[in-house]
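Here is a friendly walk through one protein model, written to be read with the structure open beside you. Let's start with a term that helps when looking at packed helices.

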Amino acid sequence: MSTTLPNRSTALNGSKPLGNDDLQAWKDRQAKADADPGILSGAFVQETLAMARRLFLQLQRRPSTLVAGVIQPLIWLVLFGALFQNVPAGLFGESRNYGQFLGAGILVFTAFGGALNAGLPVMFDREFGFLNRFLVAPLASRYSIVLASAIFIAALSLVQTAAILGLSAVLGAGLPQGLGLVLVLLIVMTLVLGVTALSLGLTFALPGHIELLAVIFVTNLPLLFSSTALVPLDFMPSWLQVVASLNPLTYAIEPIRYIYLHPNWNLGSTVLKTPFWDVSMGLALVVLLAFCGLALGLIQPLLRRRMA
């Protein structure tokens, strides 16, 4: 059986000759129909939700991951709070007790640690060859792989945040009200998004999970101890104050801590006094947003190369 291909002199509907302009218009329509539907399409939303559902199914089959992720920060909160419960009042700023001071630090560091581990599931998919199946599939956009991981980590962070906020309230730290609570959640989610982006970038940049785990272990504790999570800035030596003033975790911890202590906060409220400048609530939020935007911008070229 032979196949006859249409030529320029034959009309697509057999009614009249096809001119150059008509031919080009037809080619443009075909190219548009065959083009990648992109991230604004319903197909992108559908595949993102499907990939996120896969991660939640894995969590359902291994619930110990979630249980450990919730219990660990609660243990930190209880033990560290008890360890310093007899310190003189006022030693940690305006906090009534060390538990109230510590709550913001545990909250932010827990979210940071979870987001830093966001790349591990993708790394294991990559090592076991499962990621290649995604990359050769007719996806609307391969960024659905990244977004699904971000949704999964954000959901886990919300569960951990709720548990920490609840226990802090039980231990006497109180609970932010109204817009304060909303702002606390937005601060946590902004930090999670930025750190998740960096973790996924490391996933595609490093050769294997051993190297990724090494980066996570090396990064975790230094960033914790070089922030204001455990002690105020003025407790630190001068060189560490400079480091803490450049640590993005500090700019997430201090606004949350201020919201706990000052129900009548506003964007102009000074939440931190660094060796360089006084940081207002609004400036701290701008720094966090800039960190998140920078992280997302840095991984774009890497993701385009690795997922091409």
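A crossing is called left-handed if the near helix is turned anticlockwise from the far one by less than a right angle, and right-handed if it is turned clockwise.

## About the model

This is a predicted model, in which local features need pLDDT of at least 70, side-chain atom pairs count only at pLDDT 80 or more, and totals for chains, interfaces and linings use all residues. Residues are numbered from 1 along each chain as its sequence is written, and side-chain values use heavy atoms, with hydrogens and water left out.

## The chain as a whole

The protein chain has 12 helices and two strands. Helices (H or I, at least four residues) and strands (E, at least two) are DSSP runs, numbered from the N terminus. Reading from that end, the order of elements is α-α-α-α-α-α-α-α-α-α-α-β-β-α.

Of the 308 residues in the protein chain, 44% are buried; buried means under 20% relative accessible area, exposed over 50%, and partly exposed in between (1.4 Å probe, protein chains only). The chain exposes about 16,600 Å², and carbon and sulfur atoms supply 66% of that area. Accessible areas come from the Shrake-Rupley method with a 1.4 Å probe, and for residues only the protein chains shown count as cover. Among contacts between residues at least 6 apart in sequence, 74% join residues at least 24 apart, where contact means heavy atoms within 4.5 Å.

## Helix H8 and its partners

Let's turn to H7 (residues 143-170) and H8, whose axes come within 9 Å and cross at roughly 140°. Axes are lines fitted to C-alpha atoms, for helices over the stretch in contact, and angles run from 0 to 180 degrees between N-to-C directions. That angle makes H7 oblique to H8: angles under 35 degrees count as roughly parallel, over 145 as roughly antiparallel, 65 to 115 as roughly perpendicular and the rest as oblique. The crossing of H7 and H8 is right-handed. Residues making this contact include Ser149, Ile153 and Ser157 of H7 and Leu185, Val188 and Val192 of H8. By class, the contact has 12 nonpolar, four polar and no charged residues. For these classes, Ala, Val, Leu, Ile, Met, Phe, Trp, Tyr, Cys and Pro count as nonpolar, Asp, Glu, Lys and Arg as charged, and the others, Gly among them, as polar.

H8 (residues 179-205) also packs with H12 (residues 281-306), their axes coming within 9 Å and crossing at roughly 25°. H8 and H12 are therefore roughly parallel to each other, and H8 passes H12 in a left-handed crossing. Among the residues that meet are Leu183, Ile187 and Leu191 in H8 and Leu285, Phe291 and Arg306 in H12. The contact of H8 with H12 has 20 nonpolar, three polar and one charged residues.

## A residue inside H8

Val184 lies in helix H8. Is Val184 buried or exposed? Val184 is buried, with a relative accessible area of 0%. Leaving aside neighbours within four places in sequence, Val184 is in contact with Leu107, Pro176, Ile256 and Ile259. Val184 and Ala252 are 68 residues apart in sequence and 8.9 Å apart in space, C-alpha to C-alpha.

## Helices H5 and H9

H5 (residues 119-127) packs with H9 (residues 209-225) at an angle of about 165°, with their axes 10 Å apart. H5 and H9 are therefore roughly antiparallel to each other, and their crossing is right-handed. Gly119, Leu120, Met123, Phe124 and Glu127 in H5 meet His209, Leu212, Leu213 and Ile216 in H9. This contact has six nonpolar, two polar and one charged residues.
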